[in-house]
Amino acid sequence: MELFKSPNINWMGKAKYFAALSGALLLLGFFAWLHTGGLLYGIDFRGGTLIYLRFAQKPPIAEIRARLGNATIQSIYDISNPASRNDLVIGLKEVGETAQRIDAGRTAILKALEQIFPAPANKQDFNSVTPQALAGYLNEKDPLNLGTKAGTQYQDLAQALVHYRDFDSNGILHSIGDIGKAPGATPAVVSSLEQGFYAGPYVIQRVQIVGPQVGKQLRKQAVLATLYALAGMLVYIAFRFELVYGAAAVIAVFHDVLITLGFFCLFHYEISLTVIAALLTLVGYSMNDTIVIFDRVRENLRLMRREPYPDIVNRAINQTLSRTILTSGLTFLAVLVLYLFGGRVLHPFAFAMVVGVMVGTYSSFGIAAPIVVLWYRFRGQKVPGATSGSSGRQSKEPTANRRLATAGRR
Amino acid sequence: MNQNLKWKGLFILVIVLGCLWGLFARPSFPTSWQAVKDNFQHRIHLGLDLQGGSHLVLQVEVDQAVRFECDRTIDDLTRELHKRGVQFGDIQRVSDTQILVKNLNPTQSGTLSNIVQSQFADWQVAQAAGQANGFLLTLNSAAVAQIKTQTMQQAIETIRRRIDQLGLTEPTIAPTGSQNDQILVELPGEGDPTQAKAVIQAGGQLELRKVIDGPYPSEAEALAQHGGVLPADSEILPGSGSSSSQQPGAAEYYVLTRIPIVTGRDLRSAQPQPNPDMPGQWQVQFNLSRDAAQRFGPFTARNIGQRLAIVLDHRVQSAPVIQGQISDQGQITGGFTQQAAKDLAMVLNAGALPASVRYLEESTVGPSLGADSIREGVRASIISLLAVMVFLLIYYRLSGVNAVLALFLNLVILLAALAYFKAVLTLPGIAGVILTIGMGVDSNVLVFERIREEIRAGKANASAVDLGFERAFLTIIDTHVTTVVSAIFLFEFGSGPVKGFAVTLVIGLIANIFTSIYVSRAIFDWHLGRMTRQAELSI
């Protein structure tokens, strides 16, 4: 099975359409950026408090809003899945610089929830009890009448009950009676638990608190790491090919990152450390794509000495086209699955990848390659015979040859 | 099959077995399917974002320790100067590392230099700029650095001892941050770090001091009682609000001796117990070391009827009257709940922090969310991996089997390397795995497309395969090295999650070069050796 037999497309002739497409996408991103007033930073870059809550019933968003007050709320997302769970993500703004206040956000949310859902007196919340505390309770009540023979039996039972709660029933029980389905939960155990516990209407699934200095530091570190990585790639490609190839590849990759960030603004996704990992991944992909084409250009330069440089580049792109489409297609398939089924934690990551793979693929032949062609045309016209040949294109051939290792001509 | 290929096959087999051994056969050889699963879970270390648990980053105020050292030096130096009869106007701390001695008797400047040189070797003395007869002592930078390192070490050890007493499984306590003055605490499986946080942050500085007088409702009043000047070697400390039983919660201040009789270092042990006088309340009972008891016994005997202040983190917890000679026991009371008494005893047993700490960052992932993430992440990864493999099989037919094998092997090597290096798999790490798989597929596609091209150009099977690998080799090396270069920078300059991404990526790429070039080539050679020259290569 083959997708493309021998395509013969004049890619360089279409470069202006790609440039227009990129320009449009960049502009779109820019306006989205203006509209949202800058990038939306996730908690790790912004500082503040983020709490994931799971509710037994539909979460009372309006009431939570009212109790917390809009001044402190950064965002409330309802990320419920109607079939299985009722989840809420509450983000609070940075409240203060001092150490004592780093906890203030969490305290405020807990207080609001306690007011909305008053806890029954003298009973513990089963949905947030730890295995140790549960084991302590069981040992004390001894519902199985084990007496001194109990040993670690109640510890094991507590582990099993908590495991049932966390893994088999999505982390939250709707009533204590539900625990009867857990292994080892005999009616005696259940009735004993019902005396001391109630099924709390919500559980805290995740808390993230980031101090303001940390956010700044992480942001700086992420930007620096990315820039250093790009510089490292530039140097390596310049060493293996020529400086202009490295520059073109890095510009193309940078363009991919900008467009993806634009889409993040457009769809109101937050930039978190995981998203940075996704951006780095797409940098890797796009770079990979570009190098494959450049490699083929380098090889063709030796085989097609007399042809104009744009034709050589066109041919390289056409020759690698089926590879480009295949690889990108497969990657796109993979990240699309990740986007659709990967769960909420991976969602922003997968979104960045979905956008990035598309942009990264066309930027290799639509942006990176034309930049190199333009550069040699510019050199050819303005600096005829810059080094030794009669045109820029020919003058670069010996260099390319010299740097080529054994690509194997037989 | 030629000899060369046999050795290649053997080499590949050894690697595969080594990887499988590392993944499934440690710590003990499995005898059942369940044991295989347990071993695998044991070998792959999941990050807190996947496993659930708490992650805390603490800032240690190392400058504070330097300041303490400075204050201590002022006390010692003052005493020494008085002893030698050196006359001076005032002595004060001007920054964390500088002490200013004002109005020194000009004829005695040599004595000051001598004292500093002989007894305070970490300090340098010089004429203070703009101060007639003023001298500036500066702590040298080597000593500052040493104090900071020591403070960090002590803080880490203290926090480790405290957390060990909480009985959590496999906690991580490690220095972190660009200045190396932060501590990372990871508590796997801990869904509620409130208690751990309180225990970590508690100062734990216990001092027993003699009460001169008090309590007073305000600092000013305490000072006024002494005519505005405190007696030598005394200071005013606030009460905790629970020390006087008349008005709980009211502000109160005590005048105490400056030098403690006993400090937290003199404790042999501390344990919580119910308060016999106040039902429902708890207290902490402590025992002194033999050394301290020899000091404390005579002291209490001399001071019967006086009051003794129990000072915790520079607050007077209680100030009981000494009823009789006490040799080695005491209680800290103050309306503790059972949990608070238990935590305090724990902190006292583990020792005091050398400087205060504050929280910079906290992240807690509940176990069910971690489970959700794994379930969904793994499901999505498997679906996409299957989709890619099915496509490869359809598109490249028999050669697709080769690609799928290489892909599988890549994954096995990657996971085994993570297990052997004890690396931690996090969500960004999974991103690294995905990029690796993508590049693995890409390498195969590059080679296969090249082989097809050569076959189209009329080459025989063997030479087409030969050329395909040879020509794609350079491209594969270039793409991989570029990505490895960037990953190294990410590892060097990135923060935690970005590092995890870089680690999986580098391992994956190295594995990928091996599988997509070496292994895949060996399989092709073996296949070519078995088919006739004229047969069509299934690609």
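Student: How many residues of chain A are in contact with residues of chain B, and how many of chain B?
Tutor: In this predicted model, 65 residues of chain A are in contact with 59 residues of chain B. Two residues are in contact if their C-beta atoms, placed from the backbone, lie within 7 Å. Local features need pLDDT of at least 70 and side-chain atom pairs count only at pLDDT 80 or more, while totals for chains, interfaces and linings use all residues. Residues are numbered from 1 along each chain as its sequence is written, and chains are lettered from A and ligands numbered from 1 in the order in which they are written.

Student: Which strand of chain B is joined to β6(A)?
Tutor: Strand β18 (residues 357-365) of chain B is joined to β6(A) by five bridges, and the two run antiparallel. Two strands pair if DSSP finds at least two bridges between them. Within this pairing, I209(A) stands opposite E362(B).

Student: Changing topic, what are the domains of chain A?
Tutor: Domain 1 covers 12-42 + 211-403, domain 2 covers 48-117 + 205-210, and domain 3 covers 130-199. Such bounds come from an automatic or database domain assignment. The centres of domain 1 of chain A and domain 3 of chain A, taken over C-alpha atoms, are separated by 56 Å.

Student: And what does the assignment give for chain B?
Tutor: For chain B, domain 1 is 3-52 + 367-530, domain 2 is 63-144 and domain 3 is 206-338. The C-alpha centres of domain 2 and domain 3 of chain B lie 33 Å apart.

Student: What is the strand order in the open sheet of four strands in chain B?
Tutor: The order is β3-β4-β6-β5 (chain B), and the pairing is antiparallel. The edge strands, each pairing on one side only, are β3 (90-95) and β5 (123-127) of chain B. From one strand to the next, the twist averages 25°.

Student: Which strands does helix α4 of chain B touch?
Tutor: Helix α4 (residues 62-84) of chain B packs on the sheet and touches β3, β4, β5 and β6 (135-139) of chain B, its direction making about 165° with that of β3(B). Axes are lines fitted to C-alpha atoms, for helices over the stretch in contact, and angles run from 0 to 180 degrees between N-to-C directions. Helix α5 (residues 109-119) of chain B lies across β4, β5 and β6 of chain B, at about 165° to β5(B).

Student: Back to chain A: at what angle do α8 and α9 cross?
Tutor: The axes of α8 (residues 212-240) and α9 (residues 243-266) of chain A cross at roughly 150° and come within 7 Å. The two helices are therefore roughly antiparallel to each other; angles under 35 degrees count as roughly parallel, over 145 as roughly antiparallel, 65 to 115 as roughly perpendicular and the rest as oblique.

Student: What residue classes make up their contact?
Tutor: The contact of α8(A) with α9(A) has twelve nonpolar, one polar and no charged residues.

Notes:
Ala, Val, Leu, Ile, Met, Phe, Trp, Tyr, Cys and Pro count as nonpolar, Asp, Glu, Lys and Arg as charged, and the others, Gly among them, as polar.
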